[in-house]
Amino acid sequence: MASQDWMTKDFYAVLGVAKDADATAIKKAYRKLARQYHPDRNADNPEAAKKFKEVSEAYAVLSNEQDRKQYDAIRSMAGGGARFTSGSGGANAGFNDLFGSMFGGGASSGGFAGGTAGADINIDDLMNMFGGYSSPTRGRDGRPGPFNFSFSRPKRGQDVVTDATLEFRDAVNGTMVEITADGRAVKVRIPAGVKDGQKIRLRGKGRPGTDGGDAGDMVVNIKVRPHPVFKQDGKDLRLSVPISLKEAALGGIVEVPNFDGTFSKIKVKPGTSSGSVVRLRGKGAHTPKGNTDLLVTLEVAVPKQLSAEARKALEEFDAAMGDADPRAKLKEAVSK
């Protein structure tokens, strides 16, 4: 909001506070009204959206000490009427003659000739006479002139950064969480498939801008608690399933858990190596765009303790394999 509009807007009335209210009272009033008219609580309500914007504009000015001083000065001039007198000399001497020539006619002791004391003056004309809105006016000696106005351009509000810690299933399936940041509670929809360390940016949910600038954003850093069994692998899920030496060598059917709590049976081919991956189509996460896959990694479980009978059986198996070298292909590849 441009500063020239301050003449017509009563920010104290918008927030419902006295003109001598301190910063604490102004902040308290703003938070109450912001919660009341916030878009999240007033979906498709243009009147509430208008009120929320007015409350944000008022707070942006009154919460800034410098802006509030300028606002009070401009409003004071507007409320008391546009009276400029020459007095008995000094820095303001000759103002009536100056204004009289600019607005037509000679000067009078109460204001401008051709009008009554306290007549309205177009604020744009007044500001343009003294160099516009961008910088304070200065006299011939280089010092600030009698109308020392300094107006700011719209400035975007600051971003607010916060964290959200999710359970693994909520991160995979998507959920709605409530986050408290910068003294405000905000409901955030977490999309399905969000990853640990990912950032979600909520447009316009940060701190309000000043001078009509846009509100900043809220940046949510996502933290996902690990699952004891499942892991994320892109859009799919991954699961490690142990198989026995016999299942790896001779093949077989094993049962594996799905993410939704059901079970699937997969076929282990004879001679399966540890680390082999089997893809189960549609057995991963259920998302609005369809089901993802479950990647099952088969890990050969090697027993840490063997009975005498089991040890003897393995030794007999190794003898039956003859001179077969499991690392023969590796040695051949290295020698090339």
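Strand 15 (residues 294-300) is largely enclosed by the rest of the structure, because 5 of its 7 residues are buried. The model described here is predicted. The points below cover the neighbours of this strand, the aromatic pairs and a surface patch.

**Strand 15 and its partners**
- Strand 9 (residues 236-243) pairs with strand 15 in the parallel sense, over 7 bridges.
- Within this pairing, Val 241 stands opposite Leu 298 of strand 15.
- Strand 12 (residues 276-280) runs antiparallel to strand 15 and is joined to it by 5 bridges.
- Here Val 278 has Val 296 of strand 15 as its bridge partner.

**Aromatic residues**
- The whole structure holds 5 aromatic pairs.
- One of them is the stacked pair of Tyr 30 and Tyr 59, with 4.0 Å centre to centre and 5 degrees between the planes.
- This pair links distant parts of the chain, as Tyr 30 lies in helix 2 (residues 23-37) and Tyr 59 in helix 3 (residues 46-62), 29 residues apart.
- Both Tyr 30 and Tyr 59 are buried.
- Phe 230 and Phe 259 form an edge-to-face pair, 5.3 Å centre to centre with 90 degrees between the planes.
- Phe 230 counts as buried because its relative accessibility is 4%, and Phe 259 counts as buried at 2%.
- The charged end of Arg 169 sits over the ring of Phe 259, 4.2 Å from the ring centre.
- Phe 11, Tyr 12 and Tyr 71 make up one aromatic cluster.

**Surface patch**
- Leu 245, Val 302, Leu 306 and Leu 314 form a nonpolar patch on the surface, together with about 330 Å² of accessible area.
- Leu 245 belongs to helix 8 (residues 245-250).
- The relative accessible area of Leu 245 is 40%, so this residue is partly exposed.

Definitions and conventions: Residues are numbered from 1 along each chain as its sequence is written. This is a predicted model: local features need pLDDT of at least 70, side-chain atom pairs count only at pLDDT 80 or more; totals for chains, interfaces and linings use all residues. Side-chain values use heavy atoms; hydrogens and water are left out. Patches are made of residues with over 30% relative accessible area and no salt bridge: like charges are joined within 9 Å, nonpolar side chains (Val, Leu, Ile, Met, Phe, Trp, Tyr) within 5 Å. Accessible areas come from the Shrake-Rupley method with a 1.4 Å probe; for residues, only the protein chains shown count as cover. A salt bridge is a side-chain nitrogen of Lys or Arg within 4 Å of a carboxyl oxygen of Asp or Glu. Helices (H or I, at least four residues) and strands (E, at least two) are DSSP runs, numbered from the N terminus. Buried means under 20% relative accessible area, exposed over 50%, partly exposed in between (1.4 Å probe, protein chains only). Two strands pair if DSSP finds at least two bridges between them. Rings of Phe, Tyr and Trp (its six-membered ring) pair if their centres lie within 6.5 Å; planes under 30 degrees apart count as stacked, over 60 as edge-to-face and the rest as tilted. A charge sits over a ring if NZ of Lys or CZ of Arg is within 6 Å of the ring centre and within 35 degrees of the ring normal.
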